[in-house]
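Please look at the sequence and the model below before reading on.

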Amino acid sequence: MDKIIIYAGSFNPVTKGHFLTMKAALDKVGADKGMFFITHKDYLTRKMIFKVKSNFILSEDIRKEMIESLINEDNRICYGGREIGCGTPSTVKTVKKVLRSNKKAEIYVLLGADKLRKLPKWDEIDTVIDNIKFIVAVRGGFNIDEIISSDAWLTKHRNRLVII
């Protein structure tokens with residue numbers, strides 16, 4: 001059975017750190033493929049201007065080219081396309097699309113520890129939780145065990161989380 005990792009984000013810009021995180025995830029679960037999905041430029045523009053207070057916005061083409069330049073270093077990694085959803089990206093809808101195209105694959109979603117608290121609030125997360133697992137990349141300043149134990153949904157689905 002193939003194992004596929006989905007890594008969705010703005011990647012504005014994609015960094016060597018993103019690439020190394022993907023490689024670590026691929027190695028940890030023995031995955032065959034890691035797919036980068038970028039957010040739509042409309043969402044990225046809102047995020048950068050209103051949340052980050054910056055107007056540094058790379059076009060989708062440039063972000064795609066940056067990801068593709070890193071792909072040459074590891075043939076397990078590919079550009080998956082744009083995350084589904086224009087104004088508000090939906091990782092769950094993107095996951096459903098990948099699941100439909102890879103019915104026999106084991107699907108993982110890679111996310112940083114900073115996104116773990118928000119996971120139970122993702123739209124439609126309960127429609128896919130039994131069909132996927134999450135790889136959580138530890139980042140400084142985040143106590144993963146504390147985050148999980150403080151949320152009933154995360155505690156219930158602890159067996160769906162792989163920590164790297």
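In this predicted model, Arg 139 and Asp 114 form a salt bridge, with 2.6 Å between the closest N and O atoms. The two residues are 25 apart in the chain, and the pair links distant parts of it. A search of the whole structure finds eleven salt bridges.

**Arg 139 and Asp 114**
- Arg 139 lies in the loop between β5 and α5 (144–149), while Asp 114 lies in the loop between β4 and β5.
- Arg 139 is partly exposed, at 45% relative accessibility.
- Asp 114 has a relative accessible area of 27% and is also partly exposed.

**Lys 133 and Glu 106**
- A salt bridge joins the side chains of Lys 133 and Glu 106, at 3.9 Å from N to O.
- This pair links distant parts of the chain, 27 residues apart: Lys 133 belongs to strand β5 (residues 132–137) and Glu 106 to strand β4 (residues 106–112).
- Lys 133 is partly exposed at 25% relative accessibility, and Glu 106 is partly exposed at 22%.

**Lys 64 and Glu 68**
- The side chains of Lys 64 and Glu 68 meet in a salt bridge of 4.0 Å, N to O.
- Both residues sit in helix α3 (residues 60–71); because they are four residues apart there, about one helical turn separates them.
- Lys 64 is partly exposed, with a relative accessible area of 31%, and Glu 68 is partly exposed at 33% relative accessibility.

**A network**
- Salt bridges also link Lys 23, Asp 27, Asp 74 and Arg 76 in a network.

Conventions: Residues are numbered from 1 along each chain as its sequence is written. This is a predicted model: local features need pLDDT of at least 70, side-chain atom pairs count only at pLDDT 80 or more; totals for chains, interfaces and linings use all residues. Side-chain values use heavy atoms; hydrogens and water are left out. Buried means under 20% relative accessible area, exposed over 50%, partly exposed in between (1.4 Å probe, protein chains only).
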